[in-house]
Amino acid sequence: MSKERAGRRGGSRRPLIGLVAMALMAALAGCGNDDATADRPRPVFVVQPGQGDGVSLSAYPGEVRAREESALSFRVGGNLVRRLVDVGDTVKRGELLAELDPDDLRLQAQATQAQLAAAEAQLARAAADRSRFASLAGQQLVSRSALDAQEAAHAAALGQVRAARAQLDVARNQAAYTQLRAPRSGAIALRHAEAGQTVAAGQPVFTLAGAGGREVAIALPEARIREFSAGQPVVVEPWNAAGTRLSGTIREIAPAADPQSRTYAARITLNGDAARAVELGQSVRVYVPQAGRNGALRVPLSAIQRGDGDATALWVVDPATKKLHLAPVQLGPLADDSAPVLSGIDADDWIVAAGGHLLREGQPVAPVDRQNRPIAIAAKAR
């Protein structure tokens, strides 16, 4: 009986041990899921300095343009007989784009060639006469003045030959100018003439957008021109991709206003990978954060993190890794809903505007705007 009871007790313990093992495995699996969840990017609401509530932010319409744009034209006039490219075509340096009718210039070159042959014949005759008169002058059969006349005739014939050769070079160059070739690699942005049209020398036929980079062209108002400067950071948002924020800087501002629109033309350089996110001719909005008094950037009060003593910091998103790092900052006098940042961050940094007490150093995040739309943060140019 004792052996039978012992067998029953052992049999009842085996299922209990199995249940305990399964519970331990489930607990370990749950811990692993927590780690995986912790490594997932956490959505955070981000802004750039100067874009918080109560901060002035000016927006201007712009257009994506090539940094190098060239109006291509023929150096001679004539009838356009062939157009080999169209708008949007990609061309390489030296590629043939269009041709003029070369017949007139070819005939002109032939006429100049004939003039050169005649001048060379005159030079040969003058050289022979000079040689004969020099021999006769040595025998004192002709006067010295007659020999001098032959020397002058030879010099004049030599000058005519040189002039004819120069005219022939010009005629040959003009014949070559009937072919319009691309001065650099790029894309055809505009077409100004069609085959069969008679064009003048210097009249634009194509506009070539160079492959060297992309910029944004905007117009700045005359009344606020002193608020802008080269190197000032801006934010670019494509019209067809609302919520996509691309960082840039003002590269140049025209020194004089346009006489009709009374605005100043400006060019915006896109930083890092932002240039590859837009296409030629694309419409964009350019946001220019307006600095507060003393030129300080401003951030929302909800973004400020307090440390020991009076230390303050902001959570900044690393554009390359999309991870957080805490940046110590120096603040100015606080306003009702924002604070000026005197040092510690740049105007094109992206900072976490809310919920900073739940974040940690090095945490991966997914930046979003106020409407919970993802924001594509481009890496900064080095």
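This is a predicted model: local features need pLDDT of at least 70, side-chain atom pairs count only at pLDDT 80 or more; totals for chains, interfaces and linings use all residues.
How many of the six residues of E12 are buried? Residues are numbered from 1 along each chain as its sequence is written, and side-chain values use heavy atoms, with hydrogens and water left out.

Select strand E12 (233-238), where five of the six residues are buried; buried means under 20% relative accessible area, exposed over 50%, and partly exposed in between, with a 1.4 Å probe and protein chains only. Strands (E, at least two residues) and helices (H or I, at least four) are DSSP runs numbered from the N terminus. E12 pairs with strand E13 (residues 246-253) in the antiparallel sense over four bridges, where pairing requires that DSSP finds at least two bridges between two strands. To see one of these bridges, display Pro 233 together with Thr 249, its partner in E13.

Step back to Gln 232, in the loop between strand E11 (214-221) and E12, which counts as buried at 13% relative accessibility. A polar atom of the Gln 232 side chain lies 3.2 Å from the backbone nitrogen of Ser 229.

**The nonpolar cores**

Next, select Val 216, Ile 218, Val 236, Ile 268 and Val 286, which touch the most other members of the largest nonpolar core, a group of 22 residues. Such a core is a set of buried Ala, Val, Leu, Ile, Met, Phe, Trp, Tyr and Cys residues joined through side-chain atoms within 4.5 Å. The elements giving two or more residues to this core are strand E2 (57-66), E11, E12, E13, strand E14 (263-270) and strand E15 (283-289), and E14 gives the most, with four residues.

Centre the view on Val 216: leaving aside its neighbours within four places in sequence, its contacts (heavy atoms within 4.5 Å) include Gly 62, Val 64, Val 236, Ile 268 and Val 286. A second, separate core has 18 residues, among them Leu 80, Val 91, Ala 98 and Leu 105.

**Helix H2**

Colour Leu 105, Ala 109, Thr 112, Leu 116, Ala 119, Leu 123, Ala 126 and Asp 129, which are buried in H2. An α-helix has 3.6 residues a turn, so residues three or four places apart point the same way. The buried residues of H2 pack against helix H3 (144-176). After H2 comes Gln 140, with a positive phi near 60°.

**An open sheet of four strands**

Now show E7, E6, E4 and E9, which in that order form an open sheet with antiparallel pairing. Strands E7 (179-181) and E9 (198-199) stand at the edges with a single partner strand each, so one side of each is left without a neighbour in the sheet. Two bridges join E4 (residues 78-83) to E9, and the E9 partner of Asn 79 is Thr 198.

**Two positive phi angles**

Finish with Lys 322, in the loop between strand E18 (312-317) and strand E19 (324-331), which has a positive phi of about 55° although it is not a glycine and is partly exposed at 26%. Asn 372, in the segment after strand E22 (365-368), also is not a glycine and has a positive phi of about 65°; Asn 372 counts as exposed, at 56% relative accessibility.

Technical notes: A polar contact is a pair of N or O atoms within 3.5 Å; within protein, one must be able to donate a hydrogen and the other to accept it, and residues adjacent in sequence count only if both atoms are side-chain atoms.
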